[in-house]
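These are my notebook entries on one structure.

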Amino acid sequence: MVKKIAEGSHAVAEVVRLLNPDVLAMYPITPSTHIPERLSDFESDGELDGTIIRVDSEFSAMSALVGASATGVRTYTATSSQGLALMHEVLFVASAMRLPIVITVVNRALSAPLNIFNDWQDSISERDSGWIQMYGEDSQEVADLMVQAYRIAEDKRVLLPVMVCMDGFFLSHTYDVIDVPEDLKGFVPPYKPEHAYLDPKRPQTQGAWAMQEPYFELRKELEEAVGAALPVIKEVHDEFAKVFGRSYGGGAIDVYGEGDTVVVSMGSVCTNLKVLADRLGFQVVRVRCYRPFPAEDVKKALEGKKAVAVFEKDVAYGTGHGALYNDVRACTTGKAVNFIVGLGGLDVPINALEKMCGEIDAMNDGETRWQR
Amino acid sequence: MSSEVISSGHSACAGCGEIIGERMVLEALGKDVIVCQATGCMEITTTPYPRTAFKVPWLHVTFENAASAASGIVEADRKLGRNTTVVAIGGDGGMMDIGVRALSGVMERGHDLMLVVTDNEAYMNTGIQRSSGTPKYAATTTTPAGSVVPGKREWKKSISRIAIAHGIPYVATASIGFPEDLVAKVKKAQGIKGPKLLHIYTPCPVGWGYDSSKTVYYAKKIVETGLWPLYEIENGKLTISQRPTFAPLEEYFTGQKRYKHIKPEHIKEVSERVKAGWKELEKQEKAGVDLMLLP
């Protein structure tokens with residue numbers, strides 16, 4: 001382990017280099033761009049084994065990775081916002097074809113109006129794509145999630161694509177002390193697919209079309225596969241903790257503090273919420289693995305609590321709430337309230353969070369407040 | 001129809017020119033190949049899960065990304081230490097319209113790929129809608145010939161001209177009516193490193209409304225009229241593969257329902273354009289202009 005002061009994006013790039021993907025696709029979009037830039041530096045200095053394809057669009061980025069992964073190699077790309085939205089069509093293909101592609105989503109607001117700053121609407125909007133979604137609280141965790149993501153994705157019990165989400169600018173463009181492993185070959189062995197590869201010596205047809213019955217069955221199998229990934233996610237988290245000495249709760253959720261009131265959120269805003277939890281005496285449940293949604297863990301954490309407040313940077317339009325709230329709502333019959341915060345990168349200072357936490361008791365069950 | 005590459009039992013229509021073209025290309029390439037197919041008739045008729053007509057490795061992802069998915073395949077293939085021929089193949093819709101960005105991207109990046117456009121001049125899989133490959137005056141379900149509008153109003157787009165503008169080492173046109181020429185071009189392209197594009201004319205009896213026994217007739221006739229020039233551009237140098245006899249266009253238009261409404265003044269307009277186009281083509285061949293260098 002080497003402790004370094006590194007920008008969040010550069011820490012991700014460093015770990016990706018060590019994970020040694022064979023094919024990397026790159027297309028610039030703020031705020032994810034520092035990752036491909038740093039990987040390009042590695043390539044120019046002869047420190048990257050993989051082949052970089054500098055594609056014509058994010059659509060082609062995901063398409064090239066599907067082609068490469070279907071051929072049987074490890075793949076990587078990073079993107080944000082409109083870039084992820086442009087990949088949308090191919091994301092559903094990647095998961096259903098059970099290709100263990102790993103991407104970093106540097107979270108950014110979606111147009112319109114155009115806005116380059118952080119919220120979660122981009123990845124939240126892909127929550128039903130059949131991908132595993134993990135959210136990191138700080139750059140160290142994002143770097144560690146990248147390592148865990150390949151282990152999870154390529155595990156024979158999983159074989160699904162994973163998006164590792166990090167808050168744009170707040171994490172991608174800030175510096176932190178980060179432990180970067182020196183070698184990851186032991187923890188993440190080379191990818192050797194048995195289920196999907198294109199080889200003239202053993203011809204496979206991949207990407208066939210299906211009539212109603214097989215289609216229905218395959219889609220059901222995909223849902224079962226995403227759900228079945230949860231124990232593997234926890235197992236990989238625990239093994240990572242043993243090897244590298246860093247643990248993040250139980251892997252699916254990270255429970256912090258004690259109290260009758262529970263605040264649920266994801267990503268970097270949780271650091272301030274944890275500070276307030278100590279000060280005000282509530283509990284924080286940070287959702288680390290958003291898909292598959294760890295409903296049983298959340299239910300257990302919320303059992304017997306007075307109230308739950310969900311803080312999130314996204315909107316499930318037409319429901320009156322954020323997407324995370326709707327998931328958490330289904331886990332409790334008790335009082336649940338929702339705060340929509342930080343859309344389009346609107347600052348969420350700790351004093352604003354403190355004020356919101358002070359409002360929870362007076363709010364009605366099901367109420368949503370928008371922090372401005 | 002059965003072969004080493006595509007087995008019998010697929011559900012392509014009787015007289016389908018596209019599957020003839022796909023089979024000719026793949027048989028010429030041999031078995032050390034990976035095929036990346038765009039959505040379309042060739043995908044639907046060959047791979048109804050859990051069955052497949054393909055005896056070679058084959059991938060379908062979406063409509064508009066056969067070229068970019070193939071770029072991932074070829075780079076992965078090289079990382080695995082192999083030198084497999086990777087071919088991206090799609091129709092005029094998949095390659096010239098919705099997939100043109102992906103196609104342009106792989107040509108500009110210089111991947112070692114075979115790019116094949118099987119052109120039947122409309123979106124046939126969805127029911128004969130207009131594409132940028134549909135010729136002027138052809139009736140489709142979205143450019144019907146009515147009392148005011150005589151079918152499609154615009155000229156056909158030249159994908160081979162777009163391809164050579166990328167400075168790639170090999171671009172060729174072909175027709176399934178001239179199989180020896182087509183196969184020779186495929187084999188030549190296979191021996192060239194980098195992106196190479198083949199634009200193949202593949203008649204469609206259902207979409208064009210002609211008797212299914214006439215596919216080869218139309219595939220030959222269009223070349224004879226000069227409407228579909230056969231040429232190759234190797235390292236920027238244009239060579240005409242076959243001179244047309246300039247057979248009357250009526251011999252080509254007659255018998256196709258899509259041209260049922262065509263009037264003599266339309267035929268005259270097309271004919272003049274064909275002649276002017278050939279003049280330019282021959283000028284370019286004679287001058288020996290390096291089309292790769294042309295800025």
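Predicted model: local features only at pLDDT ≥ 70, side-chain atom pairs only at ≥ 80, totals over all residues.

**Entry 1. Extent of the interface**

I began with the contact itself, to which chain B gives 38 residues and chain A gives 38 residues. The two chains bury about 2,900 Å² between them, and I noted that 64% of this area lies on carbon and sulfur atoms.

**Entry 2. Polar and charged links**

I then looked up the specific links. Between chain B and chain A, 14 residue pairs are in polar contact, with both residues at pLDDT 80 or more. The rule finds three salt bridges across this interface. I examined the one between R109(B) and D56(A), in which the closest N and O atoms are 2.9 Å apart.

**Entry 3. What chain B contributes**

Which elements give two or more residues to the side of chain B that touches chain A? I listed β1 (33-37), α2 (41-44), β2 (58-60), α3 (66-79) and α5 (100-109) of chain B. Of these, α3(B) gives the most, with nine residues.

**Entry 4. Strand pairing across the chains**

I next followed β2(B) over to chain A. Strand β9 (residues 205-206) of chain A pairs with β2(B) in the parallel sense, over two bridges. Within this pairing I found Q206(A) opposite L59(B).

**Entry 5. β1(B) and its neighbours**

From L59(B) I turned back into chain B, where this residue of β2(B) is the bridge partner of C36(B). Three bridges join β1(B) to β2(B), and the two strands run parallel. β1(B) also pairs in the parallel sense with strand β3 (residues 85-91) of chain B, over five bridges. There I recorded V33(B) standing opposite T85(B).

Is β1(B) mostly covered or mostly open? I found that it is mostly covered, five of its five residues being buried. I checked the faces separately: V33(B), V35(B) and Q37(B) are buried on one side, and I34(B) and C36(B) are buried on the other.

Terms used:
Residues numbered from 1 in each chain as written. Chains lettered and ligands numbered in written order. Heavy atoms only, no water. Contact = heavy atoms within 4.5 Å. Buried area = accessible area lost by both parts, 1.4 Å probe. Salt bridge = Lys/Arg side-chain N within 4 Å of Asp/Glu carboxyl O. Polar contact = N/O pair within 3.5 Å; in protein donor to acceptor, adjacent residues only side chain to side chain. Helix = DSSP H or I, 4+ residues; strand = E, 2+ residues; numbered from the N terminus. Pairing = 2+ DSSP bridges. Buried < 20%, exposed > 50% of the residue type's maximum accessible area, 1.4 Å probe, protein only.
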